[in-house]
Each structure stands twice: as C-alpha cells, then as structure tokens.
Amino acid sequence: MTSLYFDAHLFVCCNRRPDGHPRGSCAAKGSEKLRDYMKVRAKELGIANIRVNSAGCLDRCELGPCVVIYPEGVWYKIETREAVDSVLQRHLIEHGRAEALLLP
Ligand code: FES
C-alpha cells in the first residue's frame with residue numbers, strides 16, 4: 001500500500017482580478033484571509049499531516065471563494081470563518097462532508 005506524504009491537501013484559490021472584472025475572483029471575496037485562518041485553525045484543532053496551500057485560479061470563480069481538497073477532489077465554497085470551521089470539522093476530523101458547502 002502506498003502512503004501519502006500528506007493525508008490531505010487543501011488548495012485555496014487566492015487569485016485576484018482587478019475590481020469590476022466580470023468573473024470576480026476569490027481573493028476579492030476574502031480568500032487570502034480565509035486561507036490564513038484555515039492554517040491557524042487546523043493547527044489549533046490538532047489536525048496533523050495536512051497541507052493548506054494557496055492556489056491560482058481554479059476556474060470556478062463565480063462560485064468562490066473556493067477550496068478543493070485532495071486526495072478526494074472535493075470542492076467547497078468557504079465564504080466565512082464558520083464555513084472554514086465546518087470544512088475542517090466535517091471533512092478532516094470526521095472524515096465526512098460539509099454538505100451545505102459542497103460545490104457541484
Ligand atoms: S478566482 Fe478563484 S477560482 Fe478563479
């Protein structure tokens with residue numbers, strides 16, 4: 001059996017487009033601060049062996065701020081700190097899904 005270097009990789013889109021761009025961007029909706037919070041909160045919760053990374057545009061801009069978690073490839077919309085908490089709790093601690101935040 002292959003063991004992964006990290007149990008999970010969380011890619012938070014931190015792409016920023018100029019104000020007024022028709023597609024908007026995750027950074028313009030606060031994703032950088034939410035990424036920072038996610039890193040701190042994951043540590044506080046003792047979630048080990050994961051990595052939170054900044055990503056460039058994930059091409060789901062209209063639905064953002066978004067995060068995709070591998071190895072499962074599950075997408076969430078994370079607009080608030082509460083949403084980040086819910087993803088960490090449901091997905092990484094309970095190994096389930098934060099159903100209300102799932103992106104199609
Ligand atoms: S700007 Fe975040 S998905 Fe494109």
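Student: Which does P18 count as, buried or exposed?
Tutor: This is a predicted model, in which local features need pLDDT of at least 70, side-chain atom pairs count only at pLDDT 80 or more, and totals for chains, interfaces and linings use all residues. Residues are numbered from 1 along each chain as its sequence is written. A residue is buried if 20 or more other C-beta atoms, placed from the backbone, lie within 10 Å of its own, exposed if 12 or fewer, and partly exposed in between. P18 has 7 C-beta neighbours inside 10 Å, so P18 counts as exposed.

Student: How far apart are the C-alpha atoms of P18 and S3?
Tutor: P18 is placed in the loop between β1 (8-13) and α1 (31-44); helices (H or I, at least four residues) and strands (E, at least two) are DSSP runs, numbered from the N terminus. P18 and S3 are 15 residues apart along the chain, and their C-alpha atoms are separated by 41 Å.

Student: In what order do the elements of the protein chain run from the N terminus on?
Tutor: The protein chain has two helices and four strands. Written from the N terminus on, the order is β-α-β-β-β-α.

Student: What is the radius of gyration of the protein chain?
Tutor: The radius is taken over C-alpha atoms, and the globule rule is 2.2 Å times the number of residues to the power 0.38. For 104 residues that rule gives 13 Å, and the chain is close to it, so the chain is as compact as a globular protein of that length. The C-alpha atoms fill a box of roughly 45 × 30 × 20 Å along the principal axes. The radius of gyration is 13 Å.

Student: Which strands stand at the edges of the sheet?
Tutor: Four strands form an open sheet with mixed pairing, in the order β2-β1-β3-β4; two strands pair if DSSP finds at least two bridges between them. Each edge strand has a single partner, so one side of each is left without a neighbour in the sheet. The edge strands are β2 (50-55) and β4 (74-77).

Student: In which sense do β3 and β4 pair?
Tutor: β3 (residues 66-70) and β4 pair over four bridges. In this pair C66 stands opposite K77, and V68 has W75 as its bridge partner. The sense of the pairing is antiparallel.

Student: Which residue in the turn of the β3-β4 hairpin has a positive phi?
Tutor: The hairpin formed by β3 and β4 has three residues between the strands. The loop between β3 and β4 also holds P71, and the peptide bond from Y70 to P71 is cis, with omega near 25°. The residue with the positive phi, about 75°, is G73.

Student: What is the bridge partner of V12 in β3?
Tutor: β1 and β3 pair in the antiparallel sense over four bridges. Within β3, the partner of V12 is V67.

Student: Which residues is I78 in contact with, leaving aside its neighbours within four places in sequence?
Tutor: Two residues are in contact if their C-beta atoms, placed from the backbone, lie within 7 Å. By that rule the partners of I78 are L34, P65, V67, A83, V84, V87 and L101.

Student: Which residue does a cis peptide bond join to P65?
Tutor: P65 is found in the loop between β2 and β3. The cis bond has an omega of about 5°, and the residue joined to P65 is G64.

Student: What is the phi of D59, and is D59 buried or exposed?
Tutor: D59 lies in the loop between β2 and β3. D59 is not a glycine, yet its phi is positive, about 65°. With 11 C-beta neighbours inside 10 Å, D59 counts as exposed.

Student: What is the phi of N49?
Tutor: N49 is placed in the loop between α1 and β2. N49 has 10 C-beta neighbours inside 10 Å and counts as exposed. Although N49 is not a glycine, its phi is positive, at about 60°.
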